[in-house]
Amino acid sequence: MSDTHAQTVPYVRESMLPQAEPPVAERGVVKWIRENLVSSWLNAILTLVSLYIIWWVVSHVWGWFAGSVWNAGSLTECREILAGEEGACFAVIAERWNQLVFGFYPPELYWRPLLALALFFAAIAPVLFPERVPRAMFVVTAAMPFVNVWLIWGGSLWGPIFVALGFVAGWGAWRLAQPRLGVLAGAILSVLAALLWWGVVTGWASPDFARILPLDLQRVTSRDIGGFLLSTIIGLSAIILSLPLGILLALGRQSDLFIINKVSVAFIEVIRGIPLIVWLFTAQLLLNYFLPPGTNFDLLLRVIIMVTLFSAAYIAEVVRGGLAALPRGQYEGADSLGLSYWQSMRLIILPQALKISIPGIVNTFIGLFKDTTLVVFIGLLDPIGFSNAIRASTDWNGIYWELFVFIGVLFFIFCYSMGRYSLYLEKKLSREHR
């Protein structure tokens, strides 16, 4: 009986088995291929078709890139070097890269836009990565717009300084008036204080300071700015300015105040209902008719204003979608805490709405940056405009793909970077709210 009992006792392990590697099919590259490329017969067929297409494209394009010519003075010289063989003539990029990137900006002053670009990245670092950058860098963020205007266009530094002080005057008027007169009256007085400073004090004091202590750089006109530098200035300026304006328009569209609501709705619908190219022609041709005679309103500034307003209308609808996606309980919870309208928006509603709206906002910014190429139709020489000018010359008449590949790569780098940062921000906020 004891033997029978011993045979029916469940097995109890007395020692651990040595650790073994997982099966080959469940680890490494083999596992990834099995799960992502051949997980079913349909996926296996699609994988084979995709590999064939990739091989076909690479086999036809690789020879064009591999046999490229980088040193030649004209398309004719390129063809002589190639001697009938297949190959790209990237010598046009090597010879005209300065025009494609800087336009007619004086070559001896290239350091100024390059320094402005470096300051821009230093200024947005504390905004994009606040947990990794010291808060003291926000000083660079506040000074960057005014310093960069001075670096790119030149002239006296006192002009940007007094413009910056106008914002300080508006902020001081807001701090004094808002606690006593309310939000609306404080906002009106702050705008009036800034306009008074810019219209009176700046025009009167800036020339005197420039004579006493000249801080001048050689002036560069907007007509000399072109190529990718022009697209970058228009795109980044519109992106930075359109986001806060779009948020205000979204809040105005949801406002219970009749006038603010209808003005916001009318602005958004009118701007969105007309193509951007029409607004650019308006900035070029019609805007001067509404200005006093003799007014010289820089064309580049007009374009930046129009592109900003156009982008703000789309940002407003993206943000409004984020606001509409929030449960009603978030608004009621803010009211139950006794928060004012602006406090609830700043602390509770807008952070959540903007988190929801991140993909749409970044998508709008990417589209806006690519749409800067439309300025070629109003006479500004962006990269596309300069490619047309280069192809019109006798040396490079007949060249196409090389210029467009170079321009496409530059735009891809900027747009891909914005897309990757969007994914990083979404993952970061998702981790923080778990």
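**Exercise 1. State the domain assignment of this predicted model and the separation of the domain centres**.

Solution. The assignment for the chain lists domain 1 as 97-105 + 222-432, and domain 2 as 156-217. Between the C-alpha centres of domain 1 and domain 2 the distance is 26 Å. The coordinates come from a predicted model.

**Exercise 2. Locate Ser222 and decide whether Ser222 is buried or exposed**.

Solution. Ser222 sits in the loop between β2 (216-217) and α10 (227-253). Its relative accessible area is 11%. Buried means under 20%, so Ser222 is buried. Leaving out residues up to four places away in sequence, Ser222 touches Trp153, Asp298 and Leu300.

**Exercise 3. Describe the disulfide and the parts of the chain that it ties together**.

Solution. The structure holds one disulfide. Its partners are Cys78 and Cys89, with sulfur atoms 1.9 Å apart. The angle about the S-S bond is 75°, and the link of Cys78 and Cys89 is right-handed. Cys78 belongs to helix α4 (residues 75-82) and Cys89 to the loop between α4 and α5 (91-102), so the bond ties together parts that are eleven residues apart in sequence. For accessibility, Cys78 is buried at 1%, and Cys89 is buried at 2%.

**Exercise 4. Name the residues of the largest nonpolar core that touch the most other members, and the element that gives the largest share**.

Solution. The largest nonpolar core has 55 residues; those touching the most other members are Tyr105, Ile225, Ile234, Val303, Val307, Leu323 and Val375. Elements giving two or more residues to this core include α7 (138-153), α10, α11 (258-272) and α15 (341-371). The largest share, 13 residues, comes from α13. Another core lies apart from this one and has 18 residues, among them Leu82, Ala91, Ile93 and Phe386.

**Exercise 5. List the contacts of Tyr105, leaving aside neighbours within four places in sequence**.

Solution. Tyr105 is in contact with Tyr110, Arg112, Pro113, Leu151, Ile152, Val220, Asp224, Ile225 and Leu229. Of these, Ile225 is also named with Tyr105 among the core residues that touch the most other members.

Methods
Residues numbered from 1 in each chain as written. Predicted model: local features only at pLDDT ≥ 70, side-chain atom pairs only at ≥ 80, totals over all residues. Heavy atoms only, no water. Helix = DSSP H or I, 4+ residues; strand = E, 2+ residues; numbered from the N terminus. Buried < 20%, exposed > 50% of the residue type's maximum accessible area, 1.4 Å probe, protein only. Contact = heavy atoms within 4.5 Å. Domains from an automatic or database assignment. Disulfide = S-S within 2.5 Å. Core = buried A, V, L, I, M, F, W, Y, C linked by side-chain atoms within 4.5 Å.
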